[in-house]
Amino acid sequence: MNNIPTVMILFGGSGDLAHRKIYPALFNLYRRNVIHDNFAVIGTARRPWSHEYLREQVAQAVHESWEEVDEAQLTEFASHFYYQSHDVTNVEHYVTLKQLAQELDERYECGGNRIFYMAMAPSFFGTIAEHIADQHLTGTGFNRLVVEKPFGTDLASAEVLNQQIRNSFAEDQVFRIDHYLGKEMVQNILPLRFGNSLFKRIWNADAVKNVQVTLAERLGVEARGDYYNNSGALRDMVQNHIMQIITLLAMPEPKDLSDKAIHAAKEDLLASLVIPDEKAVSENIIRGQYLGTETTFEYVKEPNVAEDSKTETYVAGRLEFSKGPLAGVPVYFRTGKEMREKKTRVDVVFKDEAGLYGDKAKTNVLTIEIDPVNQVYFRLNGKIVAGGDLRLERFRYRYSEDEQAEVPDGYERLIHDVFVNDSTNFTKWEELKQYWRFVDAVEAAWQKQNAAGEKPVKYRPYGMGPDTSKILADPEDGWIYK
Ligand code: NAD
């Protein structure tokens, strides 16, 4: 689809996300003709910027992200941007915003189509949604709402927010962003599973021993202590990115590749997510907090973090589903800050079959590396050259440098999908609800542990976090990614 007529209203137009991700993504969509003559973007924030200043910011953001830029094209693109100083808590400002949107709609012949993008602090999402409704900001064409994460801080607050949004938007008009779903190798999970008879046939509890998902971050909380201390690793990473990756790994085969069928399969699976009780949390979930080094702070010494903070900067756990192809198979996950290196990967570990070669034949593992490199490999046994013994080999597929350069940024892909109304790679309410149920159960158990004087385990930076052997039913194999 080309030149999709739209007025986009961007809440948080002076923010970091808009600058680093949204403006460069929109420019590339403009270069690709997805949007072209008939679009306008209204950037809003509190600062008193002019249209001209916003356009300069947009141009700067584009230059920071793209090496080769046609200046005339960039000037033309930026001329579609308008700035509206707007305090999202002030009702009157929505009236001005509505007028500007209508004016631009006519000028650019946008057919009453609107995309609202909430790219600001989540505490404002509900207020914005309510004022979009009570000031009737929606247009006469299509109306879509893009919401950043986090969507709520627990199930109860997510429900309130969802209700506020539903006053103006139906579920199929809401695009909840999880930028991991825009990543190349995350989008490759279903093709790998269902496009290969080899994997399709063995993706079940008979053949799969366990699944391991790692999302490691190299850095600490840096300047985000304030936000992070109220969130922690479980809410910040597991509730969304890790859960979505696990869902793609464990869901049943969808009827077809439509967004509806894919979400239906996800919902089917998630209804069977086993919600842990207190005992299961204490047995299966480990939380940690990083220590300092000579040059970095210990977590509890970071700016804006209380000295007695029990917020986890690391979490590892084991969960399972009672239905679906991997029913009963342990799914291990872990994520943390201040770890050895930045890495997101999945290891699907297959069962050992003590056959002719006994112990000499090692476990088969399918590894999907999501960050920082896009690659997939399969570990299998073969014979050594000119000898009879076995050795482990890797079948690997990796993109060439040219292909790698073509991989679009996750944000560009997802914003594109909003324009073309494809909600496959967004989080639906039913999915989100189940993720929060799981997270809430863990948080509640941790609250009790805190009251009993228990604390997160301290771990040293540059490693793989605290000892997790207690949650691994098979500590012999342990984590494939050591
Ligand atoms: P930011 O603090 O850089 O920007 C916030 C924006 O909101 C600014 O434009 C600010 O002027 C505006 N704002 C604040 N109070 C306002 C008010 N009362 N009225 C009108 N405007 C107001 O935040 P960010 O990093 O751009 O993050 C925005 C959202 O995107 C958050 O939900 C965040 O969780 C999410 N997100 C950000 C990133 C990232 O890389 N920055 C990544 C993933 C998700």
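Colleague: Where is Leu472 found, and what makes it buried or exposed?
Modeller: Leu472 is found in the segment after β15. This is a predicted model. The relative accessible area of Leu472 is 7%. Buried means under 20%, so Leu472 is buried.

Colleague: How far apart are Leu472 and Glu106 in sequence and in space?
Modeller: They are 366 residues apart in sequence. C-alpha to C-alpha, Leu472 and Glu106 are 61 Å apart.

Colleague: How many aromatic pairs are there?
Modeller: The count comes to 22 aromatic pairs. Phe199 and Phe378 form one of them.

Colleague: Why is the pair of Phe199 and Phe378 called edge-to-face?
Modeller: Start with the distance. Their ring centres are 5.5 Å apart, and rings pair if the centres lie within 6.5 Å. Then the angle. The planes are 80° apart, and over 60 degrees counts as edge-to-face. Therefore Phe199 and Phe378 are an edge-to-face pair.

Colleague: What does that pair tie together?
Modeller: Phe199 lies in helix α9 (residues 197-202). Phe378 lies in strand β13 (residues 375-383). So the pair ties together parts that are 179 residues apart in sequence. Both Phe199 and Phe378 are buried.

Colleague: Which residues do ring pairs link into a cluster?
Modeller: The cluster holds Tyr23, Phe27, Tyr30, Phe39, Phe77 and Phe81.

Colleague: On to charges. How many salt bridges does a search of the whole structure find?
Modeller: It finds 28 salt bridges.

Colleague: How do you know that Lys279 forms a salt bridge with Glu283?
Modeller: The closest N and O atoms of Lys279 and Glu283 are 3.3 Å apart. The cut-off is 4 Å, so the pair qualifies. Lys279 and Glu283 are 4 residues apart in helix α13 (residues 278-284), so about one helical turn separates them.

Colleague: What makes Lys279 exposed but Glu283 partly exposed?
Modeller: Lys279 has a relative accessible area of 54%. Exposed means over 50%, so the label holds for Lys279. Glu283 has 38%.

Colleague: What about Glu298 and Lys458? How do you know that they form a salt bridge?
Modeller: Their closest N and O atoms are 3.1 Å apart. That is within 4 Å, so Glu298 and Lys458 count as a salt bridge. Glu298 lies in the loop between β8 (285-290) and β9 (314-319), and Lys458 in strand β15 (residues 457-459), so the pair ties together parts that are 160 residues apart in sequence.

Colleague: Why is Glu298 called buried?
Modeller: Glu298 has a relative accessible area of 18%. The limit for buried is under 20%, so Glu298 is buried. Lys458, at 37%, counts as partly exposed.

Colleague: What makes Arg318 and Glu320 a salt bridge?
Modeller: The N to O distance between Arg318 and Glu320 is 3.9 Å. The rule says within 4 Å, so this pair is included. Arg318 is partly exposed at 23% relative accessible area. Glu320 is partly exposed too, at 27%.

Colleague: Which residues are linked in a network of salt bridges?
Modeller: Lys343, Arg345, Asp347 and Glu369 are linked in one.

Colleague: Which residues form a negative surface patch, and why is it called negative?
Modeller: The patch is formed by Glu401, Asp402, Glu403 and Glu406. Asp and Glu count as negative, so the patch is negative. Glu403 is found in helix α14 (residues 401-406). Patch residues need over 30% relative accessible area. Glu403 has 40%, so it passes that test.

Colleague: Now the backbone. Which peptide bonds are cis?
Modeller: The bond from Lys149 to Pro150 is cis, with omega near -5°. Pro150 lies in the loop between β5 (143-147) and α6 (155-166). The bond from Asp371 to Pro372 is also cis, with omega near 0°. Pro372 is found in the loop between β12 (365-371) and β13.

Colleague: What is the phi of Asn3, and what is that of Asn421?
Modeller: Asn3 has a positive phi of about 50°, although it is not a glycine. Asn3 lies in the segment before β1 (6-11). Asn421 has phi near 65°, also positive. Its place is in the loop between α15 (410-419) and α16 (429-451). At 39% relative accessibility, Asn421 counts as partly exposed.

How values were computed
Residues are numbered from 1 along each chain as its sequence is written. This is a predicted model: local features need pLDDT of at least 70, side-chain atom pairs count only at pLDDT 80 or more; totals for chains, interfaces and linings use all residues. Side-chain values use heavy atoms; hydrogens and water are left out. Patches are made of residues with over 30% relative accessible area and no salt bridge: like charges are joined within 9 Å, nonpolar side chains (Val, Leu, Ile, Met, Phe, Trp, Tyr) within 5 Å. Accessible areas come from the Shrake-Rupley method with a 1.4 Å probe; for residues, only the protein chains shown count as cover. A salt bridge is a side-chain nitrogen of Lys or Arg within 4 Å of a carboxyl oxygen of Asp or Glu. The place of a charge is taken as NZ of Lys, CZ of Arg, CG of Asp or CD of Glu. Helices (H or I, at least four residues) and strands (E, at least two) are DSSP runs, numbered from the N terminus. Buried means under 20% relative accessible area, exposed over 50%, partly exposed in between (1.4 Å probe, protein chains only). Rings of Phe, Tyr and Trp (its six-membered ring) pair if their centres lie within 6.5 Å; planes under 30 degrees apart count as stacked, over 60 as edge-to-face and the rest as tilted.
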